Every structure is written in C-alpha cells, then in structure tokens.
Amino acid sequence: PPDVDELGRSSWNLLHTITANYPVSPSPQQQHDARSFISSFSRLYPCWVCAEDFQQWMKDERNAPRVSSRQEFGRWMCEAHNEVNVKLGKESFNCDRWEERWRTGWKD
Ligand code: FAD
C-alpha cells in the first residue's frame, strides 16, 4: 500500500499547483472540470480513511468546493488542507499566503 505521508505530500503538491495555475476567470466548462476533478479525486484517493474524511468534510455546504476563480479555488484548497492539518495535530497554514507558497514561490 502507498506510504500515506509520501502520497499526501505529492498529492498536496499537485492539488495546490492546480489551483495556482487555475484561470483567474474560469469558464463554466473549467469550473465544471474543477468540481468533477475534486469529486473524482475524493473517491479515488488511495488512502481510504483519508478519502472518506475528505468526502465527509466536503458534504458540509460551507466546505463545498469553490471554483469560481483562482483566488477562491486556492483558498478553498488551503482550507481543505488545514482541515487535515488540524486533524493530524499539525500547525494550521495562513491561507493569506497560499499563493506565495504555491505560485509566486518560496522554498519549503
Ligand atoms: P503536508 O501536509 O503534506 O504539506 C506539504 C506542504 O504544503 C507543507 O510543507 C507546506 O509548505 C504546505 N502546506 C501546509 N499546509 C498548507 C495549507 N493549508 N495550504 C497550502 N499549503 C500548505 N494523512 C493522514 O495521516 N491521515 C489522513 O486522514 C489524511 N488525509 C489526507 C487527505 C487528503 C485529501 C490529502 C491530500 C492528504 C491526506 N493526508 C492524511 C496526508 C497529510 O495531509 C500529509 O500530506 C502528510 O501527513 C505529510 O505531511 P507533511 O507534514 O509532510 O506536509
């Protein structure tokens, strides 16, 4: 089975990188693609307890994916990641800085 930490790091890398390169003003099709990607991802993620908790978190309407702009999607992803950080007893990330971390860049 996959190493949950290694899988997590590489997955967050992909997920945040997707939001960082998402259009500032996405078309309806792009918004549809973002929603359907997240939905499929949450069902296929090969850490089943992780996937189950992620789906449960998204079921709350306050946590439904926000894909109407890069800013919205990036912030939503940061909040999703923070939910897992809190669950695992890790520090919460300042979501005002998501773009600095994942788009304009600083080193880990
Ligand atoms: P990671 O949490 O992987 O973070 C990588 C880098 O992202 C950090 O170094 C930091 O620079 C940046 N970062 C941190 N927080 C944020 C944020 N909020 N927004 C933007 N950037 C940020 N593991 C489990 O053990 N149990 C689970 O239930 C679980 N569920 C998961 C659900 C999902 C959807 C995903 C993708 C992963 C899940 N993981 C889970 C894995 C877990 O989140 C971590 O990836 C893993 O514990 C390794 O953590 P890490 O400390 O190396 O950094």
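This is a predicted model: local features need pLDDT of at least 70, side-chain atom pairs count only at pLDDT 80 or more; totals for chains, interfaces and linings use all residues.
**Contacts along the chain**
I started with the contacts at a separation of 6 or more, and residues 24 or more positions apart account for 54% of them. I call two residues in contact if their C-beta atoms, placed from the backbone, lie within 7 Å. Residues are numbered from 1 along each chain as its sequence is written.

**Overall build**
I looked up the secondary structure next and found five helices and zero strands. The pattern along the sequence reads α-α-α-α-α. Helices (H or I, at least four residues) and strands (E, at least two) are DSSP runs, numbered from the N terminus.

For overall dimensions, I took the box along the principal axes, and the C-alpha atoms fill roughly 35 × 30 × 25 Å. The radius of gyration is 13 Å, which agrees with the value near 13 Å for a compact globule of 108 residues. That radius is taken over C-alpha atoms, and the globule rule is 2.2 Å times the number of residues to the power 0.38.

I also checked burial: buried residues make up 15% of the 108 residues. Here a residue is buried if 20 or more other C-beta atoms lie within 10 Å of its own, exposed if 12 or fewer, and partly exposed in between, with C-beta atoms placed from the backbone.

**Helix H4**
Which residues of H4 are buried? I found Phe73, Gly74, Trp76, Met77, Cys78, Ala80 and His81. The buried residues of H4 pack against H1, helix H2 (28–44) and H5. After H4 comes Gly89, with a positive phi near 75 degrees.

**H1 against H5**
Two packed helices are described by the angle between their axes and the distance between the axes. For helix H1 (residues 4–20) and helix H5 (residues 98–105), I noted axes that come within 9 Å and cross at roughly 80 degrees. H1 is therefore roughly perpendicular to H5. His16, Thr17 and Ala20 of H1 make the contact with Glu99, Trp102 and Arg103 of H5. By class I have two nonpolar, two polar and two charged residues there.

For the terms, axes are lines fitted to C-alpha atoms, for helices over the stretch in contact, and angles run from 0 to 180 degrees between N-to-C directions. Angles under 35 degrees count as roughly parallel, over 145 as roughly antiparallel, 65 to 115 as roughly perpendicular and the rest as oblique. Ala, Val, Leu, Ile, Met, Phe, Trp, Tyr, Cys and Pro count as nonpolar, Asp, Glu, Lys and Arg as charged, and the others, Gly among them, as polar.

Ala51 lies in helix H3 (residues 48–59). I find Ala51 partly exposed, with 15 other C-beta atoms within 10 Å. Leaving out residues up to four places away in sequence, Ala51 touches Ser42, Arg43 and Tyr45.

Ser42 is partly exposed, with 19 other C-beta atoms within 10 Å. Beyond its neighbours within four places in sequence, Ser42 is in contact with Ala51, Phe54, Gln55 and Met58.

Arg35 is found in helix H2. What does Arg35 touch, not counting residues up to four places away in sequence? I got Pro65 and Val67. Arg35 is partly exposed, with 15 other C-beta atoms within 10 Å.
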